[in-house]
Amino acid sequence: MQTSNNIHIQTLPVMESFYTLQGEGFHQGRAAYFIRLGGCDVGCFWCDVKDSWDAAKHPQQTIATIVAEAATMPGRLAVITGGEPLMHQLDLLTSALQAQGFETNIETSGSHPISGSWNWICLSPKKFKTPLPKILPLANELKVVIYNKTDFNWAESYAGKVSPNCKLYLQPEWDKRQEITPLIIEYIKQHPQWEISIQMHKYIDVP
């Protein structure tokens, strides 16, 4: 059993935390408190948060502080992201958030062992460091970033490994959205088990 003292001791490197709307995937449009943890060893060259990669660049915060700040907001959806959040042990963070009434969602490449208690796991696999097999059946949402035409076959390879109830999303890489979005639209029309994720937050200019 976790004790309140533990959350005052364990720290995590927090790059940023902010209250906004979830812009991607199944929970798009919902008010959400984002906790972006530092540290990533996946190395996507098109990553839009490369500043998150070096965990040492970001201040350590106690779980008590992280959760207290989140609890000041009216929404009760917490999204843990990165970087690669599963580089850190997240059991205490998620239990403390859930004790404050939060749903806990994670966005992960799945390249590190799972920790934490999750209401929703968004798996976004990357070619640079592939997911561990154990996380595949746990995913509630598979979100594949499409950078070029060959990524469609790669996405299908993961669609065959997740559970039958997992939601499937294709998301255009932002800098190539003009070229890739029409391809995704046509692909989904032919493969309607997929849906599109369009990074709504970037269109409406919120974090």
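**Cysteines, cavity and pocket in a predicted model**

The sulfur of Cys122 lies 8.5 Å from the closest cysteine sulfur, that of Cys166, which is too far for a bond. The structure holds zero disulfides, a disulfide being a pair of cysteine sulfur atoms within 2.5 Å. This is a predicted model, in which local features need pLDDT of at least 70 and side-chain atom pairs count only at pLDDT 80 or more, while totals for chains, interfaces and linings use all residues. Residues are numbered from 1 along each chain as its sequence is written, and side-chain values use heavy atoms, with hydrogens and water left out.

**Cysteines**
- Cys122 counts as buried because its relative accessibility is 4%; buried means under 20% relative accessible area, with a 1.4 Å probe and protein chains only.
- For Cys47, the closest cysteine sulfur is in Cys44, at 6.2 Å, too far for a bond.

**Largest cavity**
- The structure holds one cavity of 30 Å³ or more, a cavity being a set of points on a 1 Å grid over the protein atoms alone where a 1.4 Å probe fits but cannot get out.
- The largest cavity has a volume of about 60 Å³, a volume being the space filled by probe spheres set on the points, which are joined across faces, edges and corners.
- Its lining comprises 13 residues, of which Gln22, Glu107, Trp120, Cys122 and Glu141 lie nearest the centre; lining residues have an atom within 4 Å of a point.
- Strand 5 (103-108), strand 6 (120-123) and strand 7 (141-146) each supply at least two residues of this lining, and the largest share, three residues, comes from strand 5. Strands are DSSP runs (E, at least two residues), and helices are runs of H or I of at least four, both numbered from the N terminus.

**His27**
- His27 lies in the loop between strand 1 (11-21) and strand 2 (31-37), and at 9% relative accessibility it counts as buried.
- Beyond its neighbours within four places in sequence, His27 is in contact with Gln22, Glu103, Asn105 and Trp120, contact meaning heavy atoms within 4.5 Å.

**Largest pocket**
- The largest pocket has a volume of about 800 Å³; a pocket is an open set of grid points with protein on both sides within 12 Å along at least five of seven lines.
- It is lined by 39 residues, and Glu24, Arg36, Asp48, Val49 and Gly82 lie nearest its centre.
- Strand 1 gives the largest share of the pocket lining, four residues.

Notes: Buried < 20%, exposed > 50% of the residue type's maximum accessible area, 1.4 Å probe, protein only.
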